[in-house]
Amino acid sequence: MVQDEPKGEVVAAKSEATAPREKKPGFFARIALFIRQVFAELRKVVTPTRQELVKFTAVVLGFVVVMMALVYGLDLLFVWLTTIVFGVPAGA
């Protein structure tokens, strides 16, 4: 194992042909390792404050409203264009 300088993480050495291969852990050992890693990542999660949560929600809702208005405007434009190009039937 070699320490990665930029982030300080421990990583496997590039390739050493003479080094013996480490034994692969068993099925249940890999599951246990995965669960430990999941819990380690969950400890890093930061819960937003109420003020941040309200701000993020407002930003998302604002973006959705803007996108809805854009789609509605494009829909009206295309209806107008098709009416101009193809005309309106006399019976309608």
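**Exercises on a predicted model**

Glu41 is partly exposed, its relative accessible area being 47%. The model is predicted.

**Exercise 1.** Find how many salt bridges the structure holds, and state where the two partners lie.

Solution. 
1. The count of salt bridges is one.
2. Its partners are Glu41 and Lys44, whose side chains come to 3.1 Å, N to O. The cut-off is 4 Å, so this pair qualifies.
3. Both residues belong to helix H1 (residues 27-44) and stand three residues apart, about one turn of the helix.
4. Lys44 has a relative accessible area of 58%. Exposed means over 50%, so Lys44 is exposed, while Glu41, at 47%, is partly exposed.

**Exercise 2.** Classify the aromatic pair of the structure.

Solution. 
1. There is one aromatic pair, made by Phe27 and Phe28.
2. The ring centres of Phe27 and Phe28 are 5.3 Å apart and the planes make 75 degrees.
3. Planes over 60 degrees apart count as edge-to-face, so the pair of Phe27 and Phe28 is edge-to-face.
4. Phe27 and Phe28 are both exposed.

**Exercise 3.** Compare the span of helix H2 with the expected one, and state what follows the helix.

Solution. 
1. H2 covers residues 50-86, which is 37 residues.
2. From first C-alpha to last, H2 reaches 53 Å, close to the 54 Å expected at 1.5 Å a residue.
3. After H2 comes Gly87, with a positive phi near 75 degrees.

**Exercise 4.** Determine which elements have the highest and the lowest mean pLDDT.

Solution. 
1. For the protein, the mean pLDDT is 85, and 76% of residues reach 70 or more.
2. Where pLDDT is low, predicted coordinates should not be read in detail.

Definitions and conventions:
Residues numbered from 1 in each chain as written. Predicted model: local features only at pLDDT ≥ 70, side-chain atom pairs only at ≥ 80, totals over all residues. Heavy atoms only, no water. Helix = DSSP H or I, 4+ residues; strand = E, 2+ residues; numbered from the N terminus. Buried < 20%, exposed > 50% of the residue type's maximum accessible area, 1.4 Å probe, protein only. Expected span 1.5 Å × (residues − 1). pLDDT = per-residue confidence, 0-100. Phe/Tyr/Trp six-rings, centres within 6.5 Å; stacked < 30°, edge-to-face > 60°.
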